[in-house]
Amino acid sequence: MSPPKHVDLLVLAAAAVLFVVAGFSMLGYAAAAVAWLAQRGIQWLAQRRSTESLKNGNRQRAMGIIAATTLGRVWLMATVVLLVGIAQRTAGLSSAILLAVLFTISMGASGFAYLLEPEDRGVQPR
């Protein structure tokens, strides 16, 4: 596990302090945290299965796993924001902003970690 890939989890923990100090809706934080951790778990599982498929030489299956779970993760986060926003408008807004920040940081950190990753660690073509 390289640290740059998981900086979003540190930001999620720091956001808890920010939400308490600033008096933002803790319902929004809790919903965003649950959605974020759930989608990270799905991402981890999909990455494992995709790597296994690539090692077996099944590229279409690997890409299908990544594509399907990526769409599913986005829908999961959007649904959580919608439901929380219906329950409490300010909580929905705060959870949407937190998830947008986490997503942006996660994408940037993943790209940065990819650049730092040694080339021999990736799956080699057959």
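Mentor: Patches are made of residues with over 30% relative accessible area and no salt bridge, and nonpolar side chains are joined within 5 Å. The model before us is a predicted one.

Trainee: Which residues form a nonpolar patch on the surface?

Mentor: One member can be checked directly: Ile-86, found in helix H3, has a relative accessible area of 64%. Exposed means over 50%, so Ile-86 counts as exposed. The accessible area of the patch is about 340 Å² together. The residues that form this patch are Leu-82, Leu-83 and Ile-86.

Trainee: How many helices and strands are there in the protein?

Mentor: From the N terminus on, the elements run α-α-α-α. The C-alpha trace spans about 55 × 25 × 15 Å along its principal axes. The counts are 4 helices and 0 strands.

Trainee: What share of the contacts with a separation of 6 or more comes from residues 24 or more positions apart?

Mentor: Contact here means heavy atoms within 4.5 Å. Among the contacts in the protein with a separation of 6 or more, the share of residues 24 or more positions apart is 68%.

Trainee: What part of the accessible surface belongs to carbon and sulfur atoms?

Mentor: Buried residues make up 27% of the 126 residues in the protein. The accessible surface of the protein comes to about 8500 Å². The part of that surface belonging to carbon and sulfur atoms is 69%.

Trainee: Which side chains meet in a salt bridge?

Mentor: Side chains of opposite charge can pair when their charged atoms come close. In this structure the count comes to 1 salt bridge, with a distance of 2.5 Å from N to O. The side chains that meet there are those of Asp-8 and Arg-40.

Trainee: How many residues apart are Asp-8 and Arg-40, and which helices hold them?

Mentor: The pair links distant parts of the chain. Asp-8 is in helix H1 and Arg-40 is in helix H2, and the separation is 32 residues.

Trainee: Are Asp-8 and Arg-40 buried or exposed?

Mentor: The cut-off for a buried residue is under 20% relative accessible area. Asp-8 has 0% relative accessibility, so Asp-8 falls under the cut-off. Arg-40 has a relative accessible area of 13%, so Arg-40 falls under the cut-off as well. Asp-8 and Arg-40 are therefore buried.

Trainee: How many aromatic pairs does the structure hold, and why is the pair of Phe-19 and Phe-24 edge-to-face?

Mentor: The structure holds 2 aromatic pairs. The rings of Phe-19 and Phe-24 have their centres 5.5 Å apart and their planes at 80 degrees. Planes over 60 degrees apart count as edge-to-face, so the angle that settles the matter is 80 degrees.

Trainee: Which residues form the aromatic pair that is tilted?

Mentor: In the tilted pair the centres are 5.4 Å apart, with 55 degrees between the planes. The residues are Phe-19 and Tyr-29.

Trainee: Which residues do ring pairs link into a cluster, and which of them is partly exposed?

Mentor: Ring pairs link Phe-19, Phe-24 and Tyr-29 into a cluster. Both Phe-19 and Tyr-29 are buried. The remaining residue has a relative accessible area of 43%, so the partly exposed one is Phe-24.

Trainee: What does Leu-98 touch, not counting residues up to four places away in sequence?

Mentor: Leu-98 is found in helix H4, residues 89–116. With a relative accessible area of 6%, Leu-98 is buried. Leu-98 touches Leu-12, Ala-15, Phe-19, Tyr-29 and Ala-32.

Trainee: Where is the place of Ser-25, and which backbone nitrogen does its side chain reach?

Mentor: The place of Ser-25 is in the loop between H1 and H2. Its relative accessible area is 14%, so Ser-25 is buried. Beyond four places in sequence, Ser-25 touches residues including Phe-19 and Gln-88. At 3.3 Å, its side chain reaches the backbone nitrogen of Leu-27.

Trainee: Which backbone oxygen does the side chain of Thr-69 reach?

Mentor: Thr-69 is found in helix H3, residues 59–87. Leaving aside neighbours within four places in sequence, Thr-69 is in contact with Ile-42 and Ala-46. At 2.8 Å, the side chain of Thr-69 reaches the backbone oxygen of Ile-65.

How values were computed:
Residues numbered from 1 in each chain as written. Predicted model: local features only at pLDDT ≥ 70, side-chain atom pairs only at ≥ 80, totals over all residues. Heavy atoms only, no water. Helix = DSSP H or I, 4+ residues; strand = E, 2+ residues; numbered from the N terminus. Polar contact = N/O pair within 3.5 Å; in protein donor to acceptor, adjacent residues only side chain to side chain. Patch = residues over 30% accessible without salt bridge, like charges linked within 9 Å, V, L, I, M, F, W, Y side chains within 5 Å. Areas by Shrake-Rupley, 256 points an atom, 1.4 Å probe, with all protein chains shown as cover. Salt bridge = Lys/Arg side-chain N within 4 Å of Asp/Glu carboxyl O. Buried < 20%, exposed > 50% of the residue type's maximum accessible area, 1.4 Å probe, protein only. Phe/Tyr/Trp six-rings, centres within 6.5 Å; stacked < 30°, edge-to-face > 60°.
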